[in-house]
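Me: Please go through the aromatic contacts and the overall dimensions of this model with me.

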Amino acid sequence: MQSPSDPYVRVRGAREHNLRGVDVDVPRDCLAVFTGVSGSGKSSLAFGTIYAEAQRRYFESVAPYARRLIHQVGAPRVGEISGLPPAVSLEQRRSAPSSRSSVGTVTTLSNSLRMLFSRAGHYPAGAERMDSDAFSPNTAAGACPACQGLGRVHRTSEDLLVPDPSLSIREGAIAAWPGAWQGKNLRDVLDALGYDVDRPWGELDQKDRDWILFTDEQPVVTVHPVREAGRIQRPYQGTYFSARRYVMKTFAESRSQTLRAKAERFLTAADCPVCEGRRLRPEALAVTFAGRTIAELVSLPLTALAALLAEAGGGATADVLTGDLLSRIAPVVELGLGYLTLDRTAPTLSAGELQRLRLATQLRSGLFGVVYVLDEPSAGLHPADTEALLTVLDRLKEAGNSVFVVEHHLDVMRHADWLVDVGPLAGEHGGRVLHSGPPAGLAEVTASATRRFLFDRSPAPRRTVRAPLRWLELTGVTRHNLRGVDAAFPLGVFTAVTGVSGSGKSTLVDAITEQLPGVGRLVRVDQKPIGRTPRSNLATYTGLFDVVRKLFTQTREAKARGYRAGRFSFNVAGGRCETCQGEGFVSVELLFLPSTYAPCPDCHGARYNPETLEVTHGGRNIAEVLDLTVEAAAEAFADTPSAARSLDALLDVGLGYLRLGQPATELSGGEAQRIKLATELQRRRREHTLYVLDEPTTGLHPADVEILLRQLHGLVDAGHSVIVVEHDMSVVAGADWVLDLGPGGGDEGGHVVAAGPPAEIAATAAGRTAPYLARALAGGARSR
């Protein structure tokens with residue numbers, strides 16, 4: 001039994017994921033960093049065990065009905081944890097926020113700004129004061145009725161819906177129609193309504209074309225299908241709906257990302273003609289503060305908004321409300337996010353930006369005595385901004401909280417009071433705590449992969465800078481904060497694009513297209529999820545699952561039962577478990593809390609029905625194969641060339657610890673990016689390819705960065721070109737060419753401040769990157 005004065009969180013017998021009965025003590029009221037190579041088990045310890053147990057205890061303290069449901073979800077696999085305070089998790093969420101979510105809503109700054117306009121705004125003569133809801137585009141009281149507060153309207157046209165008017169309807173003139181039976185049904189309904197479906201579209205009357213594409217009517221008619229050989233088809237009642245109606249309904253309501261993307265191809269988006277993109281009703285836009293409407297204020301960078309509010313005045317009420325706003329904006333600016341605007345939508349933010357916004361909000365929460373569990377808060381941060389992050393973490397600690405951080409950044413590790421190093425390697429070769437104590441003590445732990453990077457101060461190895469084969473010229477790039485920027489990228493070499501957050505790096509590389517002279521084939525390897533549902537996984541994305549299913553169909557048992565490849569898919573009826581429809585889990589609704597998931601009570605997470613699981617290949621059923629790690633699968637399928645090629649490519653980018661069936665929703669942005677890179681590496685291209693990667697080292701331990709760099713430099717050695725947007729100075733130091741943007745973020749950025757080989761950039765005084773790059777080249781940091 002732990003005494004109340006014991007200052008440690010004590011974990012005993014943690015077995016979550018790959019943890020091997022871990023016992024570890026971590027002091028409270030300090031900054032503790034959990035580190036180790038990707039897949040070593042550090043997140044399983046910090047999030048899967050410590051935070052999950054704190055969350056379970058919270059659930060246990062609420063209503064009895066909720067406790068009953070929590071038992072379905074299960075508890076973390078741990079013997080016991082003592083000394084654990086309540087916990088707050090700031091994870092880099094994989095789910096996509098809605099387009100109505102913005103910087104203002106995430107930070108709650110929008111609430112304060114609306115209150116300012118409601119209570120201290122300047123109203124037109126005779127106008128009544130309005131409630132703060134009237135200034136929100138997300139409420140019925142404030143939203144522009146024409147665009148429902150989105151600021152954009154989607155429209156379609158005949159040219160978009162029918163790209164080739166020489167085709168008849170039967171030949172597929174209406175490209176926007178759904179495929180398969182549904183499209184055939186619409187054609188047959190039109191035929192039954194008396195329209196000519198065999199005449200070229202361009203020869204039909206304009207009146208008929210408009211009705212077919214745009215009518216809001218939904219007539220029902222008896223359809224007599226054309227009799228096909230050997231098939232008797234009975235008449236049925238068919239309903240017609242226009243192509244526009246189908247496209248709009250699919251775009252607005254479909255949960256399928258693929259169907260929504262297809263529908264979007266037939267739509268054009270434009271600013272709402274009523275509110276001119278400002279999202280609000282005219283009454284709200286008539287109110288001003290400091291001479292500006294609320295729509296104008298939310299479009300200002302936070303640094304400019306703070307400057308305007310500081311000088312605004314306007315009476316006692318205004319002073320109180322502007323003072324509150326300024327105190328809320330300050331930590332956001334401090335974390336290097338002053339370039340953001342309040343109306344910037346959440347889906348356009350990186351995972352790192354979103355997490356830092358939540359962190360800034362927590363600084364104002366005034367919570368005391370809790371454990372904050374953070375997931376790589378330094379992700380996407382320039383070294384110049386990391387110092388501000390450390391200050392913010394210290395302030396959370398000084399407010400009487402414990403700060404537990406999963407992190408790869410060496411400067412954050414050095415700054416920690418306590419370091420927990422998990423390893424030594426990934427997956428089943430990890431899961432042990434190698435060191436738990438002050439950072440200096442790790443120097444004695446020879447088994448640690450972190451030790452070499454944390455304490456090695458030797459200079460970066462000298463390498464010969466490659467000479468460019470030719471140049472790619474960008475001229476007059478004007479987008480976001482770039483104003484007529486000219487930039488030249490060398491081809492046939494490794495180029496790093498650097499600069500502080502918001503300086504315009506990603507915007508500049510996004511301007512590169514395949515149409516530009518010299519590009520050839522362009523491959524963008526981004527950190528977007530490889531799928532948005534648990535049905536997408538490593539095996540399905542890489543094509544490996546098709547190979548595996550084919551192998552199962554060739555087994556004696558499958559042949560005897562007549563099983564085809566579809567039998568071994570968890571996405572279609574037949575072989576899957578129908579209780580969970582092949583998902584392996586069921587949703588548990590908690591009414592007043594977010595819904596959560598529990599393993600399926602019938603298949604217990606296997607995804608398949610018992611009959612399918614009776615078929616084995618190499619002694620394993622299909623569910624057991626999906627549960628293999630990439631490393632184990634590479635051994636199991638070594639004699640199958642098509643499978644071995646995919647698996648070897650995944651091993652080459654350091655993903656041997658992932659399970660084949662690991663859902664896409666559980667993968668980090670960095671893991672998703674490396675899966676895409678591995679899929680590309682296995683294709684063996686001969687023609688010149690330009691690879692563009694946005695922050696490929698995010699979420700990577702320095703040891704994994706070395707593995708990734710070997711692959712990227714290998715692509716250049718094979719005659720290709722690589723451009724990376726990067727904050728990791730060890731990567732930049734090993735580049736052939738550096739393009740540094742800045743000097744600041746937002747309106748203070750958007751300029752190319754320096755371009756040249758790394759040694760030249762480090763020697764310049766221009767930009768904020770130079771001193772950190774010089775340090776990396778000298779070996780004073782091995783820093784990230």
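Me: How many helices and how many strands does the protein chain have?
Reply: The model is predicted. Its protein chain has 30 helices and 25 strands.

Me: What percentage of the contacts between residues at least 6 apart in sequence join residues at least 24 apart?
Reply: Contact here means heavy atoms within 4.5 Å. Among the contacts in the protein chain between residues at least 6 apart, the share that joins residues at least 24 apart is 68%.

Me: Are the planes of Phe241 and Tyr246 stacked or edge-to-face?
Reply: A search of the whole structure finds 13 aromatic pairs. In the pair of Phe241 and Tyr246 the ring centres are 6.3 Å apart and the planes stand at 25°. Planes under 30 degrees apart count as stacked, so this pair is stacked.

Me: Is Phe241 buried or exposed, and what about Tyr246?
Reply: The cut-off for buried is under 20% relative accessible area. Phe241 has 17% and therefore counts as buried. Tyr246, at 14%, is likewise buried.

Me: What is the geometry of the pair formed by Phe570 and Tyr608?
Reply: The centres of Phe570 and Tyr608 are 6.3 Å apart, with 70° between the planes. Over 60 degrees counts as edge-to-face, and the pair is edge-to-face.

Me: Where in the chain do Phe570 and Tyr608 lie, and how many residues apart are they?
Reply: Phe570 is buried at 0% relative accessible area, and Tyr608 counts as buried at 1%. Phe570 lies in the loop between helix H21 (556–561) and strand S18 (585–590). Tyr608 lies in the loop between strand S19 (593–599) and helix H22 (610–613). The pair links distant parts of the chain, 38 residues apart.

Me: Which ring does the charged end of Arg567 sit over?
Reply: Arg260 lies over the face of Phe251, 4.9 Å from the ring centre. For Arg567 the distance to the ring centre is 4.3 Å, and the ring is that of Tyr563.

How values were computed: Residues numbered from 1 in each chain as written. Predicted model: local features only at pLDDT ≥ 70, side-chain atom pairs only at ≥ 80, totals over all residues. Heavy atoms only, no water. Phe/Tyr/Trp six-rings, centres within 6.5 Å; stacked < 30°, edge-to-face > 60°. Buried < 20%, exposed > 50% of the residue type's maximum accessible area, 1.4 Å probe, protein only. Helix = DSSP H or I, 4+ residues; strand = E, 2+ residues; numbered from the N terminus. Lys NZ or Arg CZ within 6 Å of the ring centre and 35° of its normal.
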